[in-house]
Structures are given as structure tokens and as C-alpha cells.
Amino acid sequence: MKRFLNSEKDYPLVAGLAASLYPTLYYYSNNFSMLDTWVHFVYLMGMFVCVPVAIFYVLHKISQLAVFSIYKKYVIPFLSVFVFFFILKTLLYVPIERKLIAYSIAAGALFAYFLHKHVKKLIVLQFLMAIVAFFVLTKELYNRLTYDNSWKEQPDDIEQVVFQKKPNVYFFEPDGYVGFQQLKEPPYSFDNSGFEGFLSENSFKTYPDFRTNYITTQASNGATFTMKHHYYDFNLELEEVEKASEIIITDNPVLNIFKNNGYETYFVSSSRYFMLNRPELGYHHTNIDYDNIKYLHKGMGEREPVVEPFLNFLNDGIDKPKFFFVQFLFPWHVSSLEHLSGGVEEEREKYLDRLDEANTMLTTMISAVLEKDPDALILIMADHGGYVGLRYTRECYAPVEEPALINSILKSNLTIRWPGNEIPTFDDKMDSPVNVFRILFSHLSGNDAYAENIQPDESFIIHKKEVEPGVYQYYNDAGELMFKKVEPPK
């Protein structure tokens, strides 16, 4: 260390590695669930480590030319600061703002002019920071490598189920569509009779006591498509479930059961959220092109059209049984963060505006299905409620006491059109998403035994404030409100 600090050499390759390694590892470790593919690893290491190191080397060589000799002592110090902040800001702020580039240039220039003699101390500090970030990343890798998948195991042979009936199945998931009963009551107080009348006229059955198991989209869908509880993996930082995208998009019992029974499968979504980490596509068709998904992204990405691609897929014909998973971010929910919230009433009004749009989309798509495929099984099931009555969604990190607010979060919509109005006698067990497809498969196979191995219809919210952090149960299997901390298995 002392030898390095006292050396007269510039070490451009070492300086380049030091400046680029911490920002890249920091971003990688803090966003691992969205970057957990080799493609992302190669991209990040190549673009944000290898390229900067090369730039350090080339500019250092140029600075050794006689014409630039006066600036030679400033090059490595300037780059060490500028590249460090530029990479950090590029990764954390997508897309990067011009003023952030200006700040990085200013910081590099000030350091180079006044503190260039201390550049090797800066390099050592940057390496120490990189070591810390590396240990955080190794923790993420260890958790992934030692992750216990046993919770996904089914209690019977339902993954080998054989359908006796093979209607086309259309699963529409309007994000955050609260239950019809809750829409009638405060804090929603909304007249939804027009859309409900449309459904009733077309023989849909609504399940008024339906409630979600989990309050986030990926956590809810993780339970829906595995037909098992995961309890958020008791991971309060992730707030969802490990490898949720792969579960939903790549490989899950529900998708595999449809494919094993000869179904052509379609994933249509308004959001690239499920696919940001580029999971292998388990569906046969999708409206989302991986080429349009950027390696660096902020939020859910750009909105994709849903109705038009769905109608195009629908026109493929109905000669082969098909399963559609159509997911769109309407009516969604109140703002996620406090600083984005317009207050309870404004958030309510925005939600209800989006609800009208969700109803329009659903009416258009369902009408098209009924015209072309009158024997379809159509399932409308939301992932969670709309959170209306809260100022922002993460307000529920603290305990929620008012029953109306609890139901605003947890009560969600389930409405089904059973072909020929043949409703299974055991559909009264459809109280939460985790059991819906198990009961559906039991019905399609004619094997009632599959409906006996259902999961408890329990609902859970993560709390991080005002109580001991953890997963808390709000509904028990009997549909009774409660408040109980759930402990992870030992």
C-alpha cells in the first residue's frame, strides 16, 4: 500500500478499475433481482468497467504526447472523479440529466486542479468502497444459491392433470381493480353499475368476498401461478418473491399445465415490468419485444398497447385451445410514494378515471371474445385493491386499522364467465388468487379431488414502521379480519 502511494507511476488501468468498479457493483447489488442474468452481467461489466478502463488507458497515453504534457498530471485525477460520479449518476438516474453530467465534470475539474497529488489515496478509497459493495453482492448471490424452492411443491399430482374440457381460457388482470362491493362504499363511492350490468348480461358470476393474498403485483401473481403461498419469502426488502419474473413469465405450474394439455399460450401486457430482467419466455406468444427492453431502466418502462395486440392474437383463430394472460396497469392504485401523492381525494379521482378506462378496455376485449369465441372461459381477476383512502401505497408499511382501508388494499375483483353456465359446485372455495387455478383445473379435468388440496385463503401485508418489521396476516382462512405477525419457518 505504502509503495503504491509513494510511487511516481500513474497506473491508468488500476485507476480506471477503481473509478468504475464501486458504482457498478453498488448498482448491481441493489438491483440484483432485476439484473440477475448473464446478459446483464456482461453488459454492466463491459459497458461500465471495461470501457472506462480502456478510456483511462487511451487518454493517459495521449497525455504523454509532448503537446499535451502540461495537462498530464491532471488527466488521471480528473478521470478518477468524473468517471466515478458519471457512472454512478448514469446508473441511478435513467435517463441521465445534463446537469448531472455538468456536476460530474465540475467535481472532476476541482479535484484535478487542487488535489491531484492525492489521487492515489482516492484510488485506494474507491477500491475499499468496491470491496464493501462486492460483499453486499456476494450476500445476494449466496441467498440466491441457497434459496429453498420447496414451497413451490404441490401436495398432489395436479401438474399432471389431464383436461376433459378444453375451452379457450382468457385471464384478464386489471391491476388494482378493487372488489365491486368496495366500489359502492367509501372511500370509493363509485357507481359501477354500467360495467357490472354488461357482465351480468353476458352471464358472468362475481365473487363478492374475494380478496388478494399479497399486496404487490409480482407477489400476488407468484402465488396465483404456483398455486402456493410464499409469504413474500419473509424478505422485507424485496417485498415480493424471489425470481418472481421467472415464476410468472418462464416456468410455473399453471402455464405448464395449459401447455401440457395442448394449449397455445399468450402473454399480453401494457407493462414491461415482468420482463425487465429478460427472463426466458415460457409463453408461445407475447406483444412485448425483448429488443425494445433497455438494459438500464427506471420504473416499469414505457406503456405498451394491449387491446390492439390482443385483438390481433384473437384473430389467429380458435381451432387450437388457447390460454391468454392479459395484464394491464388500469385502474392501478394510488401513487406509490408520498412525494408523488396529490392527497387522498385527488388520488381517488385519478383512480376512478383510470377505472373508467379499465372498464372500456375490458368491455372491448370481452365483446370481441364473445363474438368470436362464444364458448370461452373468461376470468377477470385483479392482483390487489386500489389503495384508495390512503395517500400513497407505502403508507401501509405501518399498520392499517380501519376495515374500509384494509379492504381497499386487499379486496379485489374476481368475475368469471363459465362456458354454458356450467359452474362447479365447489366454486365457493374461490376466495383468493392462490386457489383459483387449482379449482379451475379441477373443474376442467372433472376430478374434484384436486379442489381438496387448496391453500388457506389468507391475506398478508408487509409492515416496516410502528410495529416490529415483518409479514402480518390480515385475513384468516375463514375470511375474518385479524392482525397477527407471521414468523418464518425455522
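The bend at a residue is the angle between two axes, one fitted to the seven residues ending there and one to the seven starting there. Keep that in mind for the helices below.

**Before you start.** This is a predicted model, where local features need pLDDT of at least 70, side-chain atom pairs count only at pLDDT 80 or more, and totals for chains, interfaces and linings use all residues. Residues are numbered from 1 along each chain as its sequence is written, and side-chain values use heavy atoms, leaving out hydrogens and water.

**Whole chain.** Show the C-alpha trace. Along its principal axes it spans about 85 × 50 × 45 Å. Color by secondary structure: there are 15 helices and 10 strands. These are DSSP runs numbered from the N terminus, helices being H or I with at least four residues and strands E with at least two. Of the 490 residues, 54% count as buried. Buried means under 20% relative accessible area, exposed means over 50%, and partly exposed lies in between (1.4 Å probe, protein chains only).

**Helix 4.** Select residues 72-92. This helix bends by about 25° at Phe-78. The expected span is 1.5 Å times one less than the number of residues.

**Helix 2.** Select residues 12-30. Where does helix 2 bend? The bend is at Leu-21, by about 30°, and Pro-23 follows within four residues. Helix 2 is mostly covered, with 14 of its 19 residues buried.

**Helices 12 and 13.** Select 307-314 and 344-372. Their axes are 10 Å apart, at an angle of about 5°. Axes here are lines fitted to C-alpha atoms over the stretch in contact, with angles from 0 to 180 degrees between N-to-C directions. The two helices are therefore roughly parallel, as angles under 35 degrees count as such, over 145 as roughly antiparallel, 65 to 115 as roughly perpendicular and the rest as oblique.

Most residues other than glycine have a negative phi, and most peptide bonds are trans. Select Pro-186 and Pro-187: a cis bond joins them, with omega about 10°. Phe-330 to Pro-331 is also cis, with omega near 0°. Next, Trp-332 has a positive phi of about 65°. Finish at Tyr-232, with a positive phi of about 60°. Is Tyr-232 buried or exposed? At 0% relative accessibility, Tyr-232 counts as buried.
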